[in-house]
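Look at the model below.

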Amino acid sequence: MAQPFRLSRGGRIDRTRPIRFTFNGRDVHGFQGDTVASALLAEGRHLVGRSFKYHRPRGILSHGSDEPSALLSVDRGPGRIDPNNRASVVEARDGLKTRSQNHWPSLEHDIGAVNDLLSPVFVAGFYYKTFMWPRKFWDKVYEPFIRAAAGLGKAPTEADPDRYANRHAHCDVLVVGAGPAGLAAALAAARTGKRVILADEQAEPGGALLHETRAEIDGRPASDWLAATLADLDARENVILLSRTTVFGYYNHNHVAMAERVTDHLPNASGTAPRERLWQVRAAEVVLAGGSHERPLVFADNDRPGILLAESVRVFVNRYGVAPGRRIVFATSGASAYTAALDAKAAGLHVALVDLRPEADCGPELRQLRAAGVEVLTGHTVIGSKGAKRVTGLLVAPVGSDGRCGGHRLLPCDCVGMSGGWTPAVHLFSQSRGKLVYDAELDAFVPGTSAQAERSAGSAKGTYDLAACLGEGYAAGAAAAGSAERRAFTATPTATGFLPVRAMPTDANPTKIRAFVDFQNDVTAKDIKLAVREGFHSIEHVKRYTTTGMATDQGKTSNMNALGIVAGQLDKALPGVGTTTFRPPYTPVTFGALVGPARHALFDPIRTTPIHGWAEAHGALFENVALWRRAWYFPKPGEDMHAAVARECAAVREGVGIFDASTLGKIEIVGPDAAEFMNRLYINPWLKLEPGRCRYGLMLKEDGYILDDGVVARVAPDCFHVTTTTGGAARVLAHMEDYLQTEWPDLQVFLTSTTEQWAVIALQGPKARAVIAPLVEGIDLSPEAFPHMAMRTGTICGVPIRLFRVSFTGELGFEINVPADQARAVWEAVYAAGEPYGITPYGTETMHVLRAEKGYIIVGQETDGTVTPDDVGLAGMIAKAKKDFVGKRSLSRPDVVAAGRKQLVGLVTEDPKRVLDEGAQIVADTDQPIPMTMLGHVTSSYWSPNCGRSIAMALVADGRALQGSTLHVTTPEGFISVTVVDPVFLDPKGERINA
Amino acid sequence: MLEARYRTARALPLARTALPEGQRSGILIQPAVAEGRFSLRVRDPAAAAGGLPLDRPINTLAGDDRCWIARLGPDEWLIGTAEAEADHRAAAVAADLAGRAHALVDVSHRNVGIDVSGARAAVALNAGCPLDLGEAAFPAGSATRTLLGKAEIVLIRRPGDAPRYRVECWRSFATYVHGFLTEAALGAGPEGRVRPQ
């Protein structure tokens, strides 16, 4: 018979819509509205996994997101496998494939269960104690072993095919949790007309009202009130109601993060909807109504499958129409379990109840339950449970006021509902940095002083009575919306109150039994006591030593019991022990939700120039430079990089090469004080630079080290066209704005980034002039009229340009600054005009080689943030007459003027074919003892086709004085010898550039 | 002839076609045609220049679709014009500001425009823009510099009741910004799932 434990009626499931999924390969039948947990229980299956450390059989403990034990691997199709899904949270639907975890070879027969027999070995701090010695075993033996044994479930290996979305949202009032308090809060806030977002983690909003079958609110059944309230909220334009949305993070300034599960519950998610959506809400006010968690009872073998939380038994019966057992014993120290027992009894199940509280301490719930014909044993403790893969009986005994246990009695059962009281879910409040206070009456930490604009309501604040929750929620919602409106609700009284108990009294030797506190991390009461005995008195230390509360459930069910045991051992009051810090996320969040759309092409902007398409079509390979993608080299068929770069280098030196320099940063500096501004920022003098002329500018940070460089043209007396390095563009503009706004607000200067207004086509080589001459109008290109380091405006192919005569190659060169949208057309025209001259496109690699042949530095390659102008031989550029410029004072610092600084030199290897490694270290004497004195390192190194040998640049201590001497450079095979030379390897007189 | 060439035959980085998903999601993403744009900086502005007001509050838009001016800061404006009148308008602005220290820099090719419209346009923008785009916080006629995912943008809401936004980004970010908006529209889900605020 399918679903033998499905009750004949009741529940919010849709019995007209059957569904089917698999668990460990076998079909499981359920109905629309089931979770995987409720469907498994309807089939009578309790054993669903093995515990983390001892591999003990584990079942379903709870009905919600606090579930520590029933963790399944869920397979929704190729690439869509997730480990560690809580069976109580995953909505059952057609086509799901679920599997249990942490066992081999099977769930029923698990070799790892031997750990359970060895449990005396796996005491608290086992790893710390065992893997201390010998030290050298750590890397090779211990760590790999621990890594293999650690973790739960298998990480997916395939790429995630799903879409994940991100959304920022703002509201006046964010209400967390759509239980009675949250619904009332949302209603009150919504009535003011303010923008309200109500988020709830469950598939259906309603919280505890979803399994409330006996209570009435304002004279009508709770379920009717729920439906009417949801309809009211739904009809309001100012309300966004989000179900399946977990508020998991509470950050500064009421920035709240929520994960919405959009399509996982749909068997055929169609269209383009994302799997999950990350909401980042900025709320003016937040109402926290996230409810509370029930505490388990701590007794021997309290982890057997079939032992659930009492309220969870009630949920499965009332909300899902499932009997977790036919013969249920409730074990409790409080009143709420009586309501669960009443409901189970009403569903036709055999029920008994054991209460630790003495008869006199019980409330009206006792009389009510007995009147329903249920046997109630008050003043009884639970000694232990019987069974193996399923509970078969509960061993109970009367306990006197002195704590002595009387004669044992075995209550046969196939299900236990336990309740050790309630713990408000203060996680988000704690994340908001609010201060928790201990309430002895409630035996719980409750929200105290707020740190942000938020308030708590309902059982999240320790208010458990239904009418009180509603009234408190309404008041909180109204207050959050700035309204003084209050509303009184009438509701059936809720059975509340419990006797705090840490571990159930027992007559067994407490060192021989295993009474679990943290079900997911397999931490027992014994472990916690041992930790305290070994000197761990802070709860933060006990937590880390025993791992209690450190699993994916973050101790939602276990924290108060653990705290209580520590306090008891230390003979302290509970608040004296403190509580651990709650950190985001409240429940596990998928990586997909956090990553959102930021992957593949949207991982980072990939910046391309207007010439990019042409370079692609001409076979270029590309390299990443900051966010830019630049043409690296243009191999012809059969060419490797070496051959292509050699050909490109030769073409520039002998004919003409064309290069896309569009990525260079450009800043238009305009204003009457533009020259003065330049004068203060750069080390060079600018006041006398004539319009139409260029200068190579060098810029320092305040510490005297090189920040950036680039050619600058004076366009007009009050206008400079500044270029920066590709990677430095944003940094330089920010540096300039910083000084302009904070140091020199009196200067009349304006900065505008024109990096992307101008594309730059560099034409380099002896034939460059001949190529562009027929295309350029309005500019006299003759060397006399247009010398090196000049700039002219005119047109090329009819397009207005700024034409620079500059060179980063040492050859005659032009850089055509052309408006970006016309760059491709101009490039193609220039390329066509150059074909008779053998024009050759070249990439960044050739650019690097050509500049290195001339000894030109690249900021970021020859410099590293600790290099001064003198270090790279550019001290001569410093304007001596200038009173000040940024970094000037630092150039006279003692360590900057001291001898022994690293200076830029050239290196040539003895073997001309040998190309050094960039970054390789340099020493003077290879026979010196280790550690050797390192003189410096190689900054640039290339094969130079034009020199016919390898060349390198290096920063070497007192390098300029070492010209001609021999040094030694590291290679993977050992040292090789190099000679120190001047870093200009080609045309040292610079005749070619002025051609 | 020179200006004629500059102002025509521009090869824009984004194709002009709108996405078919737009109709279904209620979000229409449409790369703009070639336009003129100028960055205007002036500290001590006149009330108006070239027929464009300079005295409006920061983060507001003035003008119409053919010629608009967005005040982005105390001394910074972004001017957009139809391509045909760009040079004329710039000359008029410069003439009116003659004698005042100012910078009027042509950024027509630096900036790329993408129009985002439709009932749920703000939902797509809020996928990457953290600002409150509700009626009270960002009404029609608003303009600001902000972020969209990992790209800096200028966001403008055109006048009128219907949500019509202009996203302006730098040229090399256009592919990313357009891709981001397209993905956001796809991830917004079917229309009506979450009501617009």
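Domain bounds here come from an automatic or database domain assignment. By that assignment chain A holds domain 1 (1-157), domain 2 (164-292 + 424-480), domain 3 (509-582), domain 4 (613-625 + 636-663 + 758-843), domain 5 (665-754 + 860-891) and domain 6 (898-995). Between the C-alpha centres of domain 1 and domain 5 of chain A lie 63 Å. This is a predicted model: local features need pLDDT of at least 70, side-chain atom pairs count only at pLDDT 80 or more, and totals for chains, interfaces and linings use all residues. Residues are numbered from 1 along each chain as its sequence is written, and chains are lettered from A and ligands numbered from 1 in the order in which they are written.

Chain B has domain 1 (14-34 + 109-197) and domain 2 (35-107), with C-alpha centres 23 Å apart. In domain 1 of chain B, 14 residues are in contact (C-beta atoms, placed from the backbone, within 7 Å) with 12 residues of domain 2 of chain B. On the domain 1 side, two or more residues each come from β9 (111-117), β10 (143-148) and β11 (151-157) of chain B; helices (H or I, at least four residues) and strands (E, at least two) are DSSP runs, numbered from the N terminus. The most, three residues, come from β10(B).

These strands also belong to an open, antiparallel sheet of five strands in chain B, ordered β1-β9-β12-β11-β10. Two strands pair if DSSP finds at least two bridges between them. β1 (28-31) and β10 of chain B are the edge strands. β1(B) pairs with β9(B) over four antiparallel bridges, and P31(B) faces I114(B) of β9(B).

Notes: Two residues are in contact if their C-beta atoms, placed from the backbone, lie within 7 Å.
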